[in-house]
Amino acid sequence: MFKKNKTSTLLNNGSEIPLIGYGTYMSPSSEETINNVRYALKTGYRLIDTAARYGNEHEVGEAIKNSKIKREDIFVTSKLWNDDQGHESTIKAFEESKKKLQLKYIDLYLIHWPVIKGKEEEWQKLNMESWEAMEDLYFNNEIKAIGVSNFEIIHLENILRICKIKPMVNQIEMHPGLNNTKLIKFCKKHNILVQAYAPLVHGKAGENPLLQKLAKKYNKSIAQICIRWCLQHGVIPLPKSSHKDRISSNFDVFDFKLSFFDMHKIDNDKYFSRLFSDPNKGK
């Protein structure tokens, strides 16, 4: 579990990573994304999460370039999409992402999805080839940390069997209603840090009566309750918003702590369930 007032932690290779990230999933390839990322950085976010699949790496790069913040103070994540899995194609895709981001290196690079639609029988081979390419890029100092996204235990075990470098991060769907307790326990056992995408239930968290009640109790927003819940589970949340007031509010979560009993209530609440595709199925 992260300490109450700490705003960063360490990956298993000793690299420092901020405890909250700004997500850019479904952010358009337009000036809007540049402005939102720039505002997030101004607010205090230092972890920006994007992906080749999002189609907004160029805009994220523009915002970083125009932020006036030292490059070494910003932690940038991007991801390898399914079409580019394989050794040589991984390296090519990485170079393309780096070019769009206008960066000399990327802080964290993830395999976006374990199983590819139409290639369900090849996932082990493709994951291994992609991982070996990412290890090469890591050894060449072009990536500061490498990891995976949407990987279940079976997918992680496949990587752990062959890797020279263990994954440093597993980014998964996690929010009230989807605890992923068993997977998170496995990741912690192997010193793999977990990040949570859709921690605000893809904008639906406000529908939950329990979260409404707890927001009133703590005099916080429902989003802040969700983000704090992730942090107290030792998971890095990646909230996303296009509204300046919410971008600021989502970052303001280090001045309170949910009680053990309220954590337990959220853990056992079943109002929501999985929103995105099953990682064991092709995508």
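**The cavity and its lining**

Modeller: This is a predicted model. Its largest cavity is lined by Asn150, Phe151, Glu152, Ile172, Glu173, Asn180, Leu183, Tyr197, Arg274 and Pro279.

Colleague: What makes it a cavity and not a pocket?

Modeller: A 1.4 Å probe fits in a cavity but cannot get out, whereas a pocket is an open set. The space here, about 50 Å³, lies in a cavity. A search of the whole structure finds one of 30 Å³ or more.

Colleague: What is the lining of the largest cavity by class?

Modeller: Five residues are nonpolar, two polar and three charged. Tyr and Pro count as nonpolar, Glu and Arg as charged.

**Helix α5**

Colleague: Which residues of helix α5 (residues 153–162) are called buried, and why?

Modeller: Buried means under 20% relative accessible area. In α5 the label goes to Ile153, His155, Leu156, Asn158 and Ile159. These buried residues pack against α4 (123–139), β7 (143–149), β8 (169–173) and α6 (181–189).

**Helices α7 and α8**

Colleague: Why are α7 and α8 called roughly perpendicular?

Modeller: The axes of α7 (residues 209–218) and α8 (residues 222–232) cross at roughly 95°. Angles of 65 to 115 degrees count as roughly perpendicular, so the label applies to α7 and α8. The two axes also come within 8 Å.

Colleague: How do you know that α7 and α8 meet?

Modeller: Contact means heavy atoms within 4.5 Å. Leu211, Gln212, Leu214, Ala215 and Tyr218 in α7 meet Ile222, Ile225 and Cys226 in α8. By class, that contact has seven nonpolar residues, one polar and no charged ones.

Notes. Residues numbered from 1 in each chain as written. Predicted model: local features only at pLDDT ≥ 70, side-chain atom pairs only at ≥ 80, totals over all residues. Heavy atoms only, no water. 1 Å grid on protein atoms, 1.4 Å probe; cavity = no way out; pocket = protein on both sides within 12 Å on 5 of 7 lines; lining within 4 Å. Points joined across faces, edges and corners; volume = space filled by probe spheres on them. Buried < 20%, exposed > 50% of the residue type's maximum accessible area, 1.4 Å probe, protein only. Helix = DSSP H or I, 4+ residues; strand = E, 2+ residues; numbered from the N terminus. Axes fitted to C-alpha atoms, helices over the stretch in contact; angles between N-to-C directions. Parallel < 35°, antiparallel > 145°, perpendicular 65-115°, else oblique.
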